[in-house]
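This report describes a single protein chain together with its ligand.

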Amino acid sequence: MDAIFSGIALILFLLLLFKLFSSVNTKKTKGVPPPSPPSLPFIGHLHLFKKPLHHTLSKLSSRYGPLLLLHFGSRRVLVVTSHTLAVECFTKNDLAFASRPRLASGRFLTYGYTTIGFSPYGPHWRSLRRIVAHELFSSGRLQSLADTRAAELKCLLRQLFQERTDKHVFTRVELRPKLFELILNVLMMSIANKRYCGEEKSGRFFDIVRGTFTFSGTSNLRDFLPILRMFDFIGTRKRLTWLESEWESNLQGLIDEQRMLDRDESKKTMIGVMLSLQEEDPEQYTDRFIKALFLSLIMAGTDTSTATLEWAMSLLLNHPETLVKAREELDEQIKHGRLIEENDLPKLPYLQGIINEAMRLHPATPLLLPHESIQDCELNGFHVEQGTILLVNAYAMQRDPEMWGPNANEFKPERYQEISTDLSKMMMPFGMGRRRCPGETLAAKLMGLALGALIQCFEWERVGKEMVDMEEALGMSMPKAKPLVALYKPRPTMIDVLSAI
Ligand code: HEM
C-alpha cells in the first residue's frame, strides 16, 4: 500500500514540476498569459461550469477582472467581459480569432463542421460568406424580397385578427409560436418559395426546426469532458441523429423540387440561385454544400429573431407607458390608416430604441458564438496562445454600468436619443468583425416590421396584474423560460386596415 501511495505522490510531484517548468518557460518565451482564477488539477475550472454560463462567467469576471483565462478540462478558454477588449479581439486580432472550435456538440447538424456558423476559418468558410453576402443577402436581393416579408407579416396579422373572440374584448394569445411561424415562413419563402404554417405536409418540417432548438449550443459540459460523451442518458444522441436525417431528407426534397422548375422561375428563390451556381461549378457547389448552407441560415435566423421579438413584447407589456409612446410615434409617422412598411423604419427611432433595448438586455446569443484563435496573439498586453477558445460575454458587457450608467439594467428606449456615438462602439448583439452575423440587415428589417405592426394594429395587455416573468431559459439562443401569453384586441382605428388584409 505504501508503495502505491509513494508512486502516486511521485507522479503528482513530477506533474507539478512539469507544470511549473512549462509555465516558467511559457512566460519566458511567449509573454504573460491572461489572469486565471485558482483551478483544480485535471478539470481546471470545469467545476465552475454552471448554466446559464453567461451568468457564471459574469460573476467570475466581476471578481477577477474583464479578461480571464480559464481551463475547461484540456481546453483553454479566454473570457472577455469588456467592450474595449472585445473590440480589440475583433479588430486588431480579428484574423487570429476568426475560427470556430470543433466542439463535440457540433458533431450533429453541421454537416461535419462545414456549415457557415461552425466552419473553421479557411477557403470553405470564405466561399460561404461570399455567397451569403453577394448572392443571398445582398441589398438588391433583400430589397427584392420585401414583398415576401410584407405578405408574411399580413398573414400573421390576419390570423390574429380572425382568431380574436370579439371586437371589444381582449383575446388571449401565446405569441412565441406565431412569431416563430412568421420568421420561419419569411426565411422559407425566400429560400424555397414554401410556407410552413397550417399546411399538413409542412407541419412536419416546422416540428423538425422547432425540435432542433431544444438542444443547447455552446455551454455544453460534454464538449469539455470527453468521458460524458460515452453516456447517452436521455437519448440525446438518438434524437439528434433522427433530427439530422429529417433535415437531410427535407432539404434534399426542397432542392429536388427547385431543380424540376424552369430555371428562370427557380432563380427567384435562394435555392434556385445556388442551383445556377452549381451548373457553373458542380464540384464546388454540391447538394451537400447547399444543404449545409440553408440548414445553417434557418438555424441561425429563426430562434434568434423569435426570441428577440418575444423579449421586446414582454418588456413592452411590463412597461405600458413605453407601449403608449411607441404607438404615438407610429401614429405620428404613418398617417391615413395604412399599415407600417419597411420604408417607414428609419422614421421610427423610438421603435428602434425598443429593439435595441431588447437586444441589449436580452441578447439572443449572450456569449456570441465561440471563436478560436488560429495563431498566437497579444490582447491588452497579454499573450494568447493558438487554439484558445474565445467567449465574449455580450450579456455582461451590455449591462455594464460604466458603459451604460447606473440604470444599465433598466429598460429605457429613450437612452438612445441621448447617445450620439455610433452604437457599435457600445454594444455588439450581432457580433463584430469577420464572423459578424450576416443576417443582421434582414433581422433588423423583420424585427422592426413585426414589432411595429403588432403595436400599430393591436392593443396589448398583460394577463392579470402580475408582471410578465422575465426568467431566462437554457437553449441555443436565450429564450424566455416561460412563453409569453398576452391579451390583445384590434385598435378601433385599424379595424378597416385589418379587415382588408
Ligand atoms: C435578432 C436576430 C439575430 C441576432 C441577435 C443574431 C446574432 C448573431 C451573433 C451574435 C452571431 C455570432 C457572431 C460571432 O461569432 O461573433 C451570429 C452569427 C450568425 N448569424 Fe445571426 N443573428 C440574428 C439573426 C440572423 C438571421 C436572420 C440570419 C440569417 C437568416 C443569421 C445568420 C447567421 C449566421 C449564418 C451566423 C454565422 C456567421 C459565421 O460564423 O460566419 N442571423 N448571429
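## Basis and overall composition

Helices (H or I, at least four residues) and strands (E, at least two) are taken as DSSP runs and numbered from the N terminus. The model is predicted, and local features therefore need pLDDT of at least 70 and side-chain atom pairs count only at pLDDT 80 or more, while totals for chains, interfaces and linings use all residues. Residues are numbered from 1 along each chain as its sequence is written, and side-chain values use heavy atoms, with hydrogens and water left out.

On this basis the secondary structure of the chain amounts to 19 helices and nine strands. Of its 501 residues, 52% count as buried, where buried means under 20% relative accessible area, exposed over 50% and partly exposed in between, with a 1.4 Å probe and protein chains only. Among contacts (heavy atoms within 4.5 Å) between residues at least 6 apart in sequence, 74% join residues at least 24 apart.

## The ligand shell

The ligand is surrounded by 27 residues, of which Arg100, Trp125, His371, Arg435 and Cys437 are the closest; a residue is near a molecule if one of its heavy atoms lies within 4 Å of it. Three helices, α4 (123-136), α12 (287-318) and α18 (440-457), each supply at least two residues of this shell, and α12 provides the largest share, with six residues. By class, the shell holds 15 nonpolar, nine polar and three charged residues, with Ala, Val, Leu, Ile, Met, Phe, Trp, Tyr, Cys and Pro counted as nonpolar, Asp, Glu, Lys and Arg as charged, and the others, Gly among them, as polar.

## Ser119 and helix α3

Ser119 is placed in the loop between α3 (83-90) and α4, and it is buried, with a relative accessible area of 2%. Leaving aside neighbours within four places in sequence, Ser119 is in contact with Arg100, Tyr113, Thr114, His124, Trp125 and Arg435, and among these Arg100, Trp125 and Arg435 also belong to the closest residues around the ligand.

Six of the eight residues of α3 are buried, so this helix is largely enclosed by the rest of the structure. The buried residues are His83, Leu85, Ala86, Glu88, Cys89 and Phe90.

## Strand pairings

Four strands form an open sheet of mixed pairing in the order β1-β2-β7-β4, where two strands pair if DSSP finds at least two bridges between them. β1 (67-72) and β4 (371-372) stand at the edges with a single partner strand each, so one side of each is left without a neighbour in the sheet. Even so, five of the six residues of β1 are buried.

β1 and β2 pair in the antiparallel sense over six bridges, with Arg76 in β2 as the bridge partner of His71. The two strands form a hairpin with two residues between them, and Gly73 in the turn has a positive phi of about 60°. Strand β2 (residues 75-80) is in turn joined by four bridges to strand β7 (residues 389-392), running parallel, and Leu78 has Leu390 of β7 as its bridge partner.
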